[in-house]
Amino acid sequence: MSSDGEAAVGLHLDAAGAAVRDAAPAEVQARANNFDAIRLAAALLVVCSHQLFFLGRAQPTVGGYTLGELAVMMFFVISGYLVAESWYRDPHLVRFILR
């Protein structure tokens with residue numbers, strides 16, 4: 001609590017006087033997924049790929065694809081899914097284009 005008796009942001013007092021955490025804002029709940037972690041992993045693959053290229057070393061391959069190629073494919077798959085999900089949530093063409 002602050003000095004003037006108000007609860008900290010994100011907390012309120014219930015009827016018994018115990019501190020209770022407020023629900024997360026809708027924007028935060030809408031992004032509560034693991035896509036950011038997957039995007040981070042893909043970005044790290046790109047960094048590794050570029051580092052190996054500039055050092056003149058051969059890139060390891062996975063299934064015949066280099067690290068950079070795998071990262072690009074990951075970005076395209078995630079982007080395609082998120083764009084499709086956005087359309088399914090609100091299939092209004094003008095609002096979709098403006099987003």
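The chain has 4 helices and 4 strands, assigned as DSSP runs (H or I of at least four residues for helices, E of at least two for strands) and numbered from the N terminus. Along the sequence they follow the pattern β-β-α-α-β-β-α-α. This is a predicted model, in which local features need pLDDT of at least 70, side-chain atom pairs count only at pLDDT 80 or more, and totals for chains, interfaces and linings use all residues. Residues are numbered from 1 along each chain as its sequence is written, and side-chain values use heavy atoms, with hydrogens and water left out.

Of the 99 residues, 8% count as buried, meaning under 20% relative accessible area; exposed means over 50%, and partly exposed lies in between (1.4 Å probe, protein chains only).

Take helix 2. At 1.5 Å a residue, its 21 residues should span 30 Å, and its end C-alpha atoms are 30 Å apart, which agrees. The expected span is 1.5 Å times one less than the number of residues. A42, S49 and L52 are buried here. They cover an arc of only 85 degrees around the axis, so they sit on the same side of helix 2; the arc is that of the directions from the helix axis to the C-beta atoms. The face turned away from this buried side carries exposed L40, V47, F54 and L55. After helix 2 comes G56, with a positive phi near 75 degrees.

The buried residues of helix 2 pack against helix 3, where contact means heavy atoms within 4.5 Å. Helix 3 covers residues 67-89. Its buried residues are L67, G68, A71, I78 and S86. They pack against helix 2 (35-55), strand 4 (65-66) and helix 4 (93-98).
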